[in-house]
Amino acid sequence: MVGGLLLWPTEVPDNLRLPDLDPRAFFTSSELEEAEDYGLFTTINAVLATLAVLAVLFLYARHGERFVRESAAGRIGTGMLLGMLGFAFVWFAQLPFGLVQLWWDRRHDVSEVGYVDYAISSWFSLGGVFLFVCVAIVIVMALARLLRDEWWIPGAAVFVGLGLLFAFVSPYLVPDQSSLRNDRLEAAADRLAKQQGVPDIPVKVEDVDEFTDEPNAFAAGLGPTRRVILWNTLLDEPFSDREVRVVIAHELAHHSRDHIWKSFGFFALLAAPMALLVAVATRRRGGMYDPRAVPLALFVVIVLQIVVTPAQNVISRRLEAEADWVALETARDPHAQREVFRDLAETSLSDPDPPEWEMMLFGTHPAAIDRIAMAEAWRSRNRP
Amino acid sequence: MNDRAVRLTVLDPSLERNRWTVGFRLILAIPHFIWLAGWFSLAVLVSIAQWIATLIQGTPSPMLHRFLAAYVRYAAHVAAYLTLAADPYPGFTGRPGSYPVEVEIPEPGQQNRWVTGFRLVLAIPAVFLADALLGFGSSAAGGGYGSSGVAATAGFLGWFYCLAHGRMAEGLRNAAVYGIGYSVQAYGYLFFFTQRYPNSDPASYEFANVYRADPIRVTVDDDLRRSRLTTFFRVLLAVPHFVWLLLWGIVALFAALANGVVTVIRGTSPQGLHNFLARYVRYQIHVYAYLQMVANPFPGFTGREGTYPVDVEIEGPQPQNRWVTFFRLILAIPAFLFLGALATAAFLAAVFSWFCALFTGRVPRGLRNLGAYDLRYAAQTYGYVYLLTDRYPYSGPAAGWQMTLAPEAPPPPAAPWQQAT
């Protein structure tokens, strides 16, 4: 609780009142209709995919232990096999929904990926998932061997540590990175970084236009590996240099305000109770010492993840809002900020003003209309 | 129904070779290349006619059968001559009984019209495998591989051996005969001699069913059944093993270097290093067996003996020749060349097994045993390089490993954690 209170404050003024904006003032009715249409289908598909995953993992939790006979490995090796097979079932369950979503994206020109390419690449990407699952299971089962039911105490700490390690190396895992080949933007990025007190953070461009038209940018890395990565789709029309400058300011703010560290702080607060719940839930199956408990553990982990998603989304939106605010304070360009959120919503077909329940389940970022409202609020407060 | 097999037999097991004819063998074979090319062109046209005849009558035309049989026999004679599987200069007629490596071809008989109609499509996997086993463009896919084929590689290595010793190495001869034998079966299927699908089982050759007391042996105790689920994800499920193999491999490299130094000085491997490297070799084979569909269960990560259906028995450290130890890496080059050719064929066998297992829940015995042959040779090669033995890997098929076909799948044994109270 104390940790949460320490991590909660942001630089967004407590007394900031966002104006109540009408989306129709910023988006045409056809844009709003298309976004709503696209978003509704996407949301329903995502909900159904989640339900399918839950159903599959529930069945796997009940019957998965029969796959023990497919293993000639020892205790931990068998646990790894069961963990990987669990995610293999998840892949089977998600594939039809993924293909349907791809069809929907292609229909709306959001994606250009082929169906076979999608299926094959998702199959291969399972390799990374399997590796991650195996590492997790090795840690848990090795700790369970030493500490039996108390594995969750050091286990949670180890997972946070591994998460930090992954965050540290993640910038090196992003393919096709190049420098920003725009002198004006580069100079602007340098100025913004200095203004925010992080002068050593580079801005890189990732080439993704082969796969998608969607624009995106993100902050990655920790300490010396920190960087801002822009998708090259963001550097084309309709985004102007001023808009890109605002995006860079926003991503730099994630670094300057230690959002990645804060995210891990929140994760650490959740990890221990979640690990405890997994330990308690699997006790009847012999605990995590026994590989037969792995299918049940997977189900519990996924359920817990779904349960905490609304809380995670609240935290994520709060950090994003702070990054927006810091971008306004440093770039001081509310017009460009308003335009970039308008253009982002338009190109990614996201509903600028989605219903509350949708925000609760899927809203990792504030709604576009709220971000525009923040830009307007900042303008009002800073009007000469 | 005519489903008798086309068989290759070795009538004269002599390994003696004339150095002069070995030295000039490729040049001496030039007339045969020209004759073979002409005959092949004609045989393709005749096989089309045979296909139509078999479709209409349900049985191949005896006249066309004789022509095609003579061609296949002749092609086998030339292949045996080139790969040094036999010594005498072959005749140009493909007459039965005229050459030490002989092809037994069944008389024409009734054949299923469906199997006949789709013969060319059905034969595609066999043609690819034949090409990998024989090499030098044995089929329509000829030359498509990076490898030159098992028989061709055996012939290439055998050439040097024969020039040095005046005789062919038995293992290389048997490997060449095995490769030619499969190719002959593939042609037999393609040319409507039989409707029996080519069998890649090395154990179907008499010379292969001899137990050899090699210091490194592979045992196979597998019931051919495969889980469809783990088959579908097999490559991905092996990903953690790849990582572990890599990590273990780095340590094994240093251990092998240390083992080399100590063995050159002492003349025998230290027990600890020997055991460590033996475990690593065994673990490698477990993982490859899983990956190549030679065995079904997910392997353990320890390489412990007796924990996997495809297992490697490695004898304890023995005195080793210091010169052979010192030049081990150079001496191992031919073994690695042969392993490369064999691994190409085993890779194809693994791909075909994967499809078979996915659809039927089983792998064909022939493909499984070809994979086991590759694994046995790989185990012996790695063992040779890591100085677990100074016995050179035996390149002949099947020998040195035994198969046990479990009558039915036994219930899974209780694992140690299940026995724990």
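Reader: Is A:Asp176 buried or exposed?

Author: A residue is buried if 20 or more other C-beta atoms lie within 10 Å of its own, exposed if 12 or fewer, and partly exposed in between, with C-beta atoms placed from the backbone. A:Asp176 has 11 other C-beta atoms within 10 Å, so A:Asp176 is exposed. Please note that this is a predicted model, in which local features need pLDDT of at least 70, side-chain atom pairs count only at pLDDT 80 or more, and totals for chains, interfaces and linings use all residues. Residues are numbered from 1 along each chain as its sequence is written, while chains are lettered from A and ligands numbered from 1 in the order in which they are written.

Reader: Where is A:Asp176 found, and what is its phi?

Author: Helices (H or I, at least four residues) and strands (E, at least two) are DSSP runs, numbered from the N terminus. A:Asp176 is in the loop between helix H5 (152–173) and E1 of chain A. Its phi is near 50°, a positive value in a residue other than glycine.

Reader: Which residue just after H9(A) takes a positive phi?

Author: That residue is A:Arg332, with a phi of about 50°, although A:Arg332 is not a glycine. The loop that holds A:Arg332 lies between H9 and helix H10 (334–348) of chain A. A:Arg332 has 15 C-beta neighbours inside 10 Å and therefore counts as partly exposed.

Reader: Where does helix H9 of chain A bend?

Author: The bend at a residue is the angle between axes fitted to the seven residues ending there and the seven starting there. In helix H9 (residues 294–331) of chain A, the bend is about 45° at A:Thr309, and a proline, A:Pro310, follows within four residues.

Reader: Which residues does a cis peptide bond join?

Author: The bond joins A:Glu237 and A:Pro238, with omega about 5°. A:Pro238 belongs to the loop between E4 and helix H7 (241–256) of chain A.

Reader: Which strands are joined to E2(A) by bridges?

Author: Two strands pair if DSSP finds at least two bridges between them. Strand E1 (residues 177–179) of chain A runs antiparallel to E2(A), with 3 bridges; here A:Ser179 stands opposite A:Lys204. Strand E4 (residues 227–231) of chain A runs parallel to E2(A), with 4 bridges, and A:Val228 in E4(A) is the bridge partner of A:Val203.

Reader: In which sense do strand E3 of chain A and E4(A) pair?

Author: Strand E3 (residues 217–220) of chain A and E4(A) are antiparallel, over 4 bridges. Across this pair, A:Phe218 is opposite A:Ile229. The hairpin has 6 residues between the strands, and A:Gly221 in this hairpin takes a positive phi near 95°.

Reader: How many helices and strands are there in chain A, and why is chain A called as compact as a globular protein of that length?

Author: Chain A has 12 helices and 4 strands. The radius of gyration is taken over C-alpha atoms, and the globule rule is 2.2 Å times the number of residues to the power 0.38. For chain A the radius of gyration is 22 Å, close to the 21 Å that the rule gives for 384 residues, so chain A is as compact as a globular protein of that length. Of these 384 residues, 37% count as buried.

Reader: Where in chain A is confidence lowest, and where is it highest?

Author: The predictor's confidence in each residue is pLDDT, from 0 to 100. In chain A the mean is lowest in helix H1 (residues 2–7), at 72, and highest in H3(A), at 94. Chain A averages 90, and 99% of the residues score at least 70.
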